[in-house]
Amino acid sequence: MKSSISTSTLLGFLTLATVTVVYSTGCGRSPAPSESEQTKASEPGTASTTAAAPSGPAGSGTAAGDSGTVPLEIDLPRPLFAGTPKPINVPNVEPVLAGKRPDFMVPAGTKLLSKGKPVSSSDDFPIIGDLSMITDGDKTGVDGTYVELAPFLQWVQIDLEAPVKFAAVALWHFHSQARVYHDVIVQVSDDAEFKEGVQTLFNNDNDNSAKLGEGTDRPYIETYQGRLIDGKGVTGRYLRLYSNGNTSDELNHYIEVEVYGTLAKQ
Ligand SMILES: [Ca+2]
Ligand SMILES: [Ca+2]
């Protein structure tokens, strides 16, 4: 644990250094980002999200209402870590957030659009639980509240039943034990088969073992706060999430997935 903390500190420094470079060579709108902006950029906006994020974290860092954005409000479950942690031997793991996640700004009018929506999967018959648990709103994470899918690369897919403009995705694989899920890839498409018009919101498959393209996002440790992913303002009806086992076992788990956004104009 101690060695991972020192590694995390170093990586945290590198993240800040990267962010500073992006700001200083970027559009120049904010040459001297505040500390909160740097922190903000380190989680929902890792490297791949800095390119085009019209609905991403607002630059000003001020409270609600500024340029039509508001902080995203997410109901968090209670922290659940229990038992002895298992070792996490994954390179380049992102430092765990100290305390509450910084505000993530979304367009005013952003709503939770995934609750109760139908879920399908590459594994139609989960080992534990039911796919509907992924959008049922229960994030407690105790036994009986998560779905366990087969090993190797598996996906789950939410049908939002209408085109949605994505502001953010919140994702809880598992949070009663610190672990890293491998090859987390999150994509949006209007094609239920994900053969056309696929837009990638997150990809930490850094060695392209999933053959969906080499990801530049970092592996991260699961916590009760889940993973917040920038929706980048993309539009689509379906959300698909991949994973390939985790550092504690080779299985794939989901507690809850949430899509925040607005209905796209049709
Ligand atoms: Ca659930
Ligand atoms: Ca991989």
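## Terms and numbering

Two strands are said to pair if DSSP finds at least two bridges between them, and the strands themselves (E, at least two residues), like the helices (H or I, at least four residues), are DSSP runs numbered from the N terminus. In this sense Ser 189 stands opposite Tyr 238 in β10.

This is a predicted model, in which local features need pLDDT of at least 70 and side-chain atom pairs count only at pLDDT 80 or more, while totals for chains, interfaces and linings use all residues. Residues are numbered from 1 along each chain as its sequence is written, and chains are lettered from A and ligands numbered from 1 in the order in which they are written.

## Confidence and overall layout

The predictor's confidence in each residue, pLDDT, runs from 0 to 100; its mean over the protein chain is 82, and 74% of the residues reach 70 or more. Over residues 1–42 the pLDDT is below 50, and this stretch has 28 contacts in the model beyond near neighbours in sequence, a contact being a pair of residues whose C-beta atoms, placed from the backbone, lie within 7 Å. Residues 45–64 also stay under 50 in pLDDT, and for them the model has 46 contacts beyond four places in sequence. Where pLDDT is low, the predicted coordinates should not be read in detail.

The protein chain has two helices and 12 strands, and from the N terminus on its elements run α-α-β-β-β-β-β-β-β-β-β-β-β-β. Of the 266 residues, 40% count as buried, where buried requires 20 or more other C-beta atoms within 10 Å of the residue's own, exposed 12 or fewer, and partly exposed a count in between, with C-beta atoms placed from the backbone. Among contacts between residues at least 6 apart in sequence, 77% join residues at least 24 apart.

## The largest nonpolar core

A nonpolar core is a set of buried Ala, Val, Leu, Ile, Met, Phe, Trp, Tyr and Cys residues joined through C-beta atoms within 7 Å. The largest one holds 46 residues, of which Ala 168, Val 169, Val 186, Ile 229, Leu 239 and Val 259 touch the most other members. Among the elements that give two or more residues to this core are β2 (105–107), β5 (147–149), β7 (185–189), β9 (227–230) and β12 (256–263), whereas β6 gives the most, with 11 residues. In soluble globular proteins, nonpolar side chains tend to be buried together.

Leaving aside neighbours within four places in sequence, Val 259 is in contact with residues including Leu 113, Ile 158, Val 169 and Leu 239. Ile 158, found in strand β6, counts as buried because it has 24 C-beta neighbours inside 10 Å. Not counting residues up to four places away in sequence, Ile 158 touches Ser 114, Lys 117, Val 119, Thr 135, Tyr 238, Leu 239, Val 257 and Val 259. The C-alpha atoms of Ile 158 and Glu 258 are separated by 9.4 Å, although these residues lie 100 residues apart along the chain.

Strand β7 pairs with β8 in the antiparallel sense over four bridges, and Ile 185 has Asn 203 in β8 as its bridge partner.

## Loop residues with positive phi

Phe 152, in the loop between β5 and β6, has a positive phi of about 70 degrees although it is not a glycine. With 14 C-beta neighbours inside 10 Å, Phe 152 counts as partly exposed.

Lys 211, in the loop between β8 and β9, is another residue other than glycine with a positive phi, here near 60 degrees. Lys 211 counts as exposed, because it has 8 C-beta neighbours inside 10 Å.

Note on methods. Two residues are in contact if their C-beta atoms, placed from the backbone, lie within 7 Å.
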